[in-house]
Amino acid sequence: MLVTGGAGFIGANFVRYTAAHRPEYRIRVLDALTYAGNKDNLAGLDEVDLVVGDICDRELVDRLVTEADVVAHFAAESHVDNSLHDPEPFVRTNVHGTFSLLEAVRQHGKRLHHISTDEVFGDLPVDSTDLFTEDSPHNPSSPYSATKSGSDMLVRAWARSYGVQATISNCANNYGPYQHPEKFIPRQVTNLLTGARPRLYGDGTNVREWTHVDDHNAGVHAIIDRGTPGETYLIGSGDERSNREIVQLILELLGHPADAYDHVADRPGHDLRYANDSSKLRALGWAPVYGDFRQGLADTIAWYQDNQPWWQAQKTTTETKYTEIGR
């Protein structure tokens with residue numbers, strides 16, 4: 001199995017999950033090791049072959065795809081704030097990189113699974129019970145989600161026009177170990193662990209569906225094993241919480257008052273609510289294991305407490321960047 005972006009947050013957890021649960025796979029990772037990709041995320045996995053390289057390098061990608069039976073495509077630029085500040089890397093990696101990979105799997109007849117996000121669908125009203133489905137129209141709000149939408153459309157077109165054996169998954173927000181401290185949950189946790197206060201965009205009423213990264217990756221394997229090529233599947237736990245609720249729960253779990261956080265200027269074009277209808281994936285036999293979000297969050301906080309050397313240098317760089325943009 002070739003895993004692109006396998007040294008990033010979700011990709012590295014996928015590699016760890018695969019090594020633990022699917023020993024029949026020999027795993028090769030392709031990762032450019034940009035700021036969000038970290039070879040330490042794969043520490044202890046001596047059997048994993050890490051190739052440091054660019055998903056846009058057509059010759060390298062072609063060689064690696066030739067040697068693989070199945071490709072799991074996680075490689076992406078993925079932070080909305082970064083895409084608002086500098087969208088060019090998102091176009092390059094998410095669109096051009098996916099094109100590079102699609103041409104290789106088309107040439108060599110390989111099985112591809114493309115990992116995407118529910119952010120491609122835009123947002124839902126906060127006061128509704130509406131859910132995204134696989135047929136929801138794309139309505140992206142940021143350069144990040146727009147480029148992920150573009151990559152989804154490329155995969156769909158290559159499956160339809162060229163018969164590429166590809167599937168797509170669009171997942172809700174993930175949480176768990178090895179997530180970069182620029183992201184919402186680890187930023188609030190590491191703020192508190194360094195003596196700072198959590199910071200909440202706007203009024204904090206934006207709602208997200210939270211899925212543990214291991215549940216996400218179990219879903220990816222279900223699609224690779226039993227999904228129908230050409231089809232899209234949504235992944236989500238069904239657990240929706242506002243950003244304010246998340247911050248207050250983190251404060252509670254770390255023994256702080258529930259109001260010990262600061263409001264900052266809202267993100268431009270901030271989506272209101274994401275929520276997925278994952279019934280199509282559940283029909284393949286998948287269901288989330290982490291049904292208790294509170295316990296999953298407590299375990300995630302404990303991981304950051306126990307692995308401070310992993311995130312401390314990243315934290316300094318992240319907060320310098322946030323200071324520059326006033327958030």
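Which residues does glutamine 179 touch, not counting residues up to four places away in sequence? In this predicted model, the contacts of glutamine 179 are Phe9, Asn174, Pro186, Tyr304 and Trp310. Glutamine 179 sits in the loop between strand S7 (173-175) and helix H6 (184-193). The relative accessible area of glutamine 179 is 8%, so the residue counts as buried, the cut-off being under 20%.

Tyrosine 178 is also placed in the loop between S7 and H6. Tyrosine 178 is buried, at a relative accessible area of 15%. Its backbone has a positive phi of about 70°, although tyrosine 178 is not a glycine. Most residues other than glycine have a negative phi.

A positive phi, of about 50°, is found for leucine 33 as well, again not a glycine. Leucine 33 lies in the loop between strand S2 (28-31) and strand S3 (49-52). With 28% relative accessibility, leucine 33 is partly exposed.

The model has two cavities of 30 Å³ or more.

| Cavity | Volume |
|---|---|
| Largest cavity | About 60 Å³ |
| Second largest cavity | About 30 Å³ |

The lining of the largest cavity includes Val80, Glu119, Arg208, Arg267, His270 and Asp271. By class, that lining has three nonpolar, four polar and four charged residues.

Around the second largest cavity are Val155, Arg156, Ala159, Ala166, Thr167, Ile168, Gly230, Glu231 and Thr232. Helix H5 (143-162) and strand S6 (166-171) each contribute at least two residues to the lining of the second largest cavity. The lining of the second largest cavity divides into four nonpolar, three polar and two charged residues.

How values were computed
Residues numbered from 1 in each chain as written. Predicted model: local features only at pLDDT ≥ 70, side-chain atom pairs only at ≥ 80, totals over all residues. Heavy atoms only, no water. Helix = DSSP H or I, 4+ residues; strand = E, 2+ residues; numbered from the N terminus. Buried < 20%, exposed > 50% of the residue type's maximum accessible area, 1.4 Å probe, protein only. Contact = heavy atoms within 4.5 Å. 1 Å grid on protein atoms, 1.4 Å probe; cavity = no way out; pocket = protein on both sides within 12 Å on 5 of 7 lines; lining within 4 Å. Points joined across faces, edges and corners; volume = space filled by probe spheres on them. Nonpolar A, V, L, I, M, F, W, Y, C, P; charged D, E, K, R; others polar.
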